[in-house]
Amino acid sequence: MVTAAGHVVPVTETPTALAFPRSFTWGTATAAYQIEGAATVDGRTPSIWDTYARTPGKVRNGDTGDIATDHYHRWREDVAIMADLGVGAYRFSLAWPRVQPTGRGPSVQKGLDFYRRLTDELLEKNIQPVATLYHWDLPQELEDAGGWPERATAERFAEYAALAAEALGDRVRTWITLNEPWCSAFLGYASGVHAPGRTDPVAALRAAHHLNLGHGKAVQALRAHLPADAQVSVTLNIHHVRPLSGEEGDVDAARRIDAIANRVFTGPMLQGEYPQDLLRDTASLTDWSFVKDGDTAEIRQPLDFLGVNYYTPTLVSGGASESSHGSDGHGNSAHSPWPGADDVAFHLPPGSTTAMGWAVDPSGLHDLLLRLKGDFPELPLMITENGAAFDDYVDPQGEVNDPDRIAYLQGHLAAVHRAIEAGVDVRGYFLWSLLDNFEWGYGYSKRFGAVYVDYPTGRRIPKASARWYGDVARTGVLPTSADVTNGDVTGDATSGDVTIG
């Protein structure tokens, strides 16, 4: 197989099936604002996403997360679905404004009680809870005080982490501090396509640093309140960046995007320093004086694994037009989310795409995992999100057949297996997402779920991909073909090539 960037992936004789390590974790994932609803129930106050979604023109069709999938009231049903599928872990996020409504001071017990009930039910069903502290729902009061560009927000985040650990540490043994801080910093404060919708590149760089600092402080707070055997991590949406060609300008474009997409976080978190080329690239914007003595040492905390989110590779070249960042896959804006790299052009790799318009390329995940092993050889990895949106519908028989999603998952799981065989220490895989849900700026127009949600009624319908993934999770074995109602999905699980018959 030849990928869009010219990478050749050898095709070998197809085995009957691919067996994953017996200790491999199979899970699924969600985020609080996308599924919970109950936006004003039991003391919850607005987050930046409540405010952003209620601002006309910010979210498609004027959708909000006020009800979402009503998981706050239907959580038992959702846990039962997971148990029926046979997944062994569930990654969810705590809603900061549900736990600590103002972002400071004491916690709200009714909010914590929801997560206590949820985790108890998960444990009863032999599903391990994996809690993410922050999946983008900053309490609005903290944004009103300056948000992530302000140092105080990192302090508040550590206090919140301590409250959550004290309340749930006896139930939850795996914790993730931040989900995709790149999105929080650069989509939230530079391009404005995510909450809080600001368009200031310097504020975005400040936000990135204070998210890093908040992570370091939160890791320390978690370890101070959790049992010694608890696992602590962070989840990054590491961009797998490829140059369009071997020309010097394209190669440098890839370096610059890698710096502002990836190394702005992995540098301080995993190596204790910001990359010098990043500082040079952004020198016209800031002198980085907001980084204080001792900050990078505090940011660099020991982690038990690194959470990796992957959906599609990033293909770039130099010499962009003014609006070329709009094709970066993150949403259209007149403002770039790439400080110091505004003149980089983004290209859609050839081949099939998802409903998000993202290229389907499992080799990008394989190559990314190998890169991370090379950069951080002692750090285990966990795929904390991977999945795809397609235009799903309920057929006349009341079923949802989604062979494209099965093909996507099969190809990407095969890529993970190849990486493991190449020596990469990948500990688990979490399918995004359990449920169709509020997809941020796209509202309810994009369906990532393994379970179809009829939004007017809340009815849940497991898709064919849910049953397929459940079989893989229960057995730990990836077949090279899978029969689904809508046709046969077949493929070479060694190469990641998958076709639909």
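Biologist: How many helices and strands are there in the protein chain?

Modeller: This is a predicted model, and its protein chain has 15 helices and 18 strands.

Biologist: What radius of gyration would a compact globule with 501 residues have, and what does the protein chain have?

Modeller: The rule puts a compact globule of 501 residues near 23 Å, and the protein chain agrees because its own value is 21 Å. Its C-alpha atoms fill a box of roughly 55 × 55 × 45 Å along the principal axes. Buried residues make up 61% of the 501. Of the contacts with a separation of 6 or more, 77% join residues 24 or more positions apart.

Biologist: Okay, let's zoom in on one helix. Which residues of α5 are buried?

Modeller: General idea first: an α-helix has 3.6 residues a turn, so residues three or four places apart point the same way. Now the case here. Helix α5 covers residues 109-124 and reaches 22 Å from its first C-alpha to its last, close to the expected 22 Å. Its buried residues include Leu112, Tyr115, Leu118 and Leu122. The buried residues of α5 pack against several elements, among them α3 (71-85), β4 (128-134) and α7 (151-168). Just after α5, Asn126 takes a positive phi of about 60°.

Biologist: And the empty space? How much lies in the largest pocket?

Modeller: Rolling a probe the size of a water molecule over the atoms shows where empty space is left. Here, the largest pocket holds about 1000 Å³. It is lined by 48 residues, and those closest to its centre are Gly329, His330, Gly331, Met356 and Trp358. Elements giving two or more residues to that lining are α8 (181-189), β9 (314-317) and β10 (345-347).

Biologist: How do the residues of that lining divide into nonpolar, polar and charged?

Modeller: The lining has 20 nonpolar, 22 polar and six charged residues.

Definitions and conventions
Residues are numbered from 1 along each chain as its sequence is written. This is a predicted model: local features need pLDDT of at least 70, side-chain atom pairs count only at pLDDT 80 or more; totals for chains, interfaces and linings use all residues. Side-chain values use heavy atoms; hydrogens and water are left out. Helices (H or I, at least four residues) and strands (E, at least two) are DSSP runs, numbered from the N terminus. The expected span of a helix is 1.5 Å times one less than its number of residues. Buried means under 20% relative accessible area, exposed over 50%, partly exposed in between (1.4 Å probe, protein chains only). Contact means heavy atoms within 4.5 Å. On a 1 Å grid over the protein atoms alone, a cavity is a set of points where a 1.4 Å probe fits but cannot get out, and a pocket is an open set with protein on both sides within 12 Å along at least five of seven lines; lining residues have an atom within 4 Å of a point. Grid points are joined across faces, edges and corners, and a volume is the space filled by probe spheres set on the points. Ala, Val, Leu, Ile, Met, Phe, Trp, Tyr, Cys and Pro count as nonpolar, Asp, Glu, Lys and Arg as charged, and the others, Gly among them, as polar. The radius of gyration is taken over C-alpha atoms; the globule rule is 2.2 Å times the number of residues to the power 0.38.
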